[in-house]
Amino acid sequence: MAAFEPFVHDALLVALHFAVIAPFLLRVMLHERTETPARVAWVAVLVSFPLFGVLANAIFGNVSVGRRRSKRLLEVEKALPPLALPEDGVQAAWTDDVPEEYEHLFRLGQSICEMPPVDGNQSTLFEGSDEAIDAMAADIDAATDHVHLTTYIWLTDNSGLKVAEALKRAARRGVICRAIADDIGSMRMIRSEHWKDMRAAGVRLTSALPIGNPLLRMFRRRLDLRNHRKLLVIDDRITYCGSRNLADAEFRIKPRFAPWVDIVMRVEGPVARQNQHLFVEDWMVQVDEDPSDVLRRPFPHRTEGFVAQVIGSGPTDRRSAIPELFETLMHTARRELVVTTPYYLPAESIQSALRAAAYRGVDTTLVVPARNDSWVVGGASRSYYLTLLEAGVKIFEYQEGLLHAKTLTLDGAATMLGSTNLDPRSFRLNFENNLLFCDRPMTEAVRARQRLYVAKSRAVTLEEVRSWSVGRRLWQNGLAMLGPLL
């Protein structure tokens with residue numbers, strides 16, 4: 001009998017092992033919004049490293065905003081009025097000015113957040129991010145009715161305080177000012193005296209997705225869901241969109257990667273109402289106040305200007321929405337496709353779309369930073385270089401700081417820019433906002449900026465990547481395998 005004791009002991013351990021991980025395996029296998037690569041990765045981690053896997057899956061395995069927030073979001077969506085754009089307040093309709101060859105892009109964008117393309121928009125692309133901050137402060141100083149701001153990172157540096165002071169001045173003269181700052185990204189501002197000073201001046205403030213007690217919060221929703229949006233709406237007619245946080249380019253919390261190189265666009269026209277819609281929805285989910293009257297106000301319809309559309313996304317949307325949008329943009333290109341992103345950890349379908357563009361003869365370029373503040377993403381992104389280069393994609397690594405601009409241009413005619421990175425966080429976990437527009441002059445302005453990024457970059461060659469050591473390739477490919485879990 002004693003001879004069988006080791007076998008009984010081992011069998012009990014195996015049974016205990018599977019008893020512990022079984023509920024989490026079922027969770028992985030039954031979750032409707034988990035993609036197959038993520039299922040495979042989670043099963044492998046749970047079986048191989050049960051204690052670590054159970055803990056990691058409990059914290060990061062479910063892309064849920066929580067039952068209470070989901071219920072509130074549904075209530076807010078039902079309460080908000082439809083987009084009313086022209087002078088008579090008629091609901092926004094599909095504009096006839098969308099070029100036929102790009103109509104499908106805007107149709108797909110509308111399927112994500114129900115906002116149609118609207119014409120009559122005019123814009124400015126700033127030379128540098130400091131100029132953008134100065135312009136934001138000036139527009140806030142000129143506001144007469146309201147200012148609505150959402151940001152991911154808000155620091156107590158020159159740029160952050162310049163906007164904070166402008167908001168205080170506006171609130172003191174009677175302008176309604178509301179601001180949403182992400183609880184983690186803007187922690188330094190939210191926990192500073194400047195936050196209290198803004199509130200004392202009359203600025204209405206809230207932190208997005210507050211963590212509170214992490215041990216309690218983790219049972220209600222995933223902890224690392226973040227509001228990554230960057231938008232500013234002034235008097236329902238001016239909006240800002242781009243990659244810039246309210247922080248200096250020197251980004252003193254991570255100075256060794258500085259400067260952060262961003263792109264920001266100021267747009268005046270009907271599309272401002274669409275960013276307004278995103279802000280009001282976020283505000284009402286977070287705060288017990290209803291500012292939706294701003295969405296019911298008609299305003300003059302402009303006839304001169306380009307077609308644009310705001311595309312807001314988040315973990316409550318269909319999981320494939322943003323990858324589908326990027327893939328469709330890439331597949332639409334016929335002559336030229338240029339993509340810049342700080343974090344390249346793509347879905348396989350996006351990797352395939354970039355390669356397919358190059359294979360069919362499109363001049364395809366990807367620009368990423370040479371030094372990344374995320375060593376995981378920085379290493380993992382290089383695991384994708386080989387097949388891109390073999391397909392003919394040109395890869396450039398930006399040398400003069402951390403290229404933080406998220407842009408995509410195709411055929412010199414259409415552009416998308418905003419807050420979304422080409423990584424799992426932006427695809428699945430973050431609330432994001434982007435601007436899609438069809439205009440050759442403005443696309444050329446973005447292309448000029450992209451050419452400047454390339455001029456300050458180093459070309460990565462196929463020969464170089466093929467010469468990488470076995471150890472380096474093992475490391476990079478190993479990091480990339482974590483992608484579905486991130």
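User: Leaving aside its neighbours within four places in sequence, with which residues is Ala137 in contact?

Analyst: In this predicted model, Ala137 is in contact with Lys162 and Ala166 once those neighbours are set aside. Ala137 itself is found in helix α6, residues 129–142.

User: Is Ala137 buried or exposed?

Analyst: The general idea is to compare the relative accessible area with a cut-off, and buried means under 20%. Ala137 has a relative accessible area of 7%, so the residue is buried. A further pairing is given by C-alpha positions: Ala137 and Glu165 are 28 residues apart in sequence and 8.4 Å apart in space.

User: How are α6 and α7 oriented to each other?

Analyst: One reads the crossing angle first, and angles under 35 degrees count as roughly parallel. The axes of α6 and helix α7 (residues 158–172) cross at roughly 10 degrees and come within 8 Å. The two helices are therefore roughly parallel to each other. On the α6 side, the contact is made by Asp130, Ile133, Asp134, Ala137, Ile140 and Asp141. On the α7 side, Ser159, Lys162, Val163, Ala166, Leu167, Arg169 and Ala170 take part. Sorted by class, the contact of α6 with α7 has seven nonpolar, five charged and one polar residues.

User: At what angle do α7 and α9 pack?

Analyst: Helix α7 packs with helix α9 (residues 193–201) at an angle of about 20 degrees, and their axes are 8 Å apart. That makes α7 roughly parallel to α9. In handedness, α7 passes α9 in a left-handed crossing. From α7, the contact involves Leu161, Ala164, Leu167, Lys168, Ala171 and Arg172; from α9, His194, Asp197, Met198 and Ala201. The residues of this contact of α7 with α9 divide into six nonpolar, three charged and one polar.

User: Why are α4 and α11 described as oblique to each other?

Analyst: Angles over 145 degrees count as roughly antiparallel and those from 65 to 115 as roughly perpendicular, so an angle between these ranges is oblique. Helix α4 (residues 67–79) and helix α11 (residues 271–286) pack at about 135 degrees, with their axes 9 Å apart. The pair is therefore oblique. The crossing of α4 past α11 is right-handed. Here Arg69, Arg72, Leu73, Val76 and Glu77 of α4 meet Glu281, Met284, Val285 and Gln286 of α11. By class, the residues of the contact of α4 with α11 comprise four nonpolar, four charged and one polar.

User: How many helices and strands does the protein have, and what percentage of its residues count as buried?

Analyst: The secondary structure comes to 19 helices and 18 strands. Of the 486 residues, 58% count as buried. Among contacts with a separation of 6 or more, 80% are between residues 24 or more positions apart. The accessible surface comes to about 20800 Å², and 57% of that belongs to carbon and sulfur atoms.

Conventions:
Residues numbered from 1 in each chain as written. Predicted model: local features only at pLDDT ≥ 70, side-chain atom pairs only at ≥ 80, totals over all residues. Heavy atoms only, no water. Axes fitted to C-alpha atoms, helices over the stretch in contact; angles between N-to-C directions. Helix = DSSP H or I, 4+ residues; strand = E, 2+ residues; numbered from the N terminus. Left-handed = near helix turned anticlockwise from the far one by under 90°. Contact = heavy atoms within 4.5 Å. Nonpolar A, V, L, I, M, F, W, Y, C, P; charged D, E, K, R; others polar. Buried < 20%, exposed > 50% of the residue type's maximum accessible area, 1.4 Å probe, protein only. Areas by Shrake-Rupley, 256 points an atom, 1.4 Å probe, with all protein chains shown as cover.
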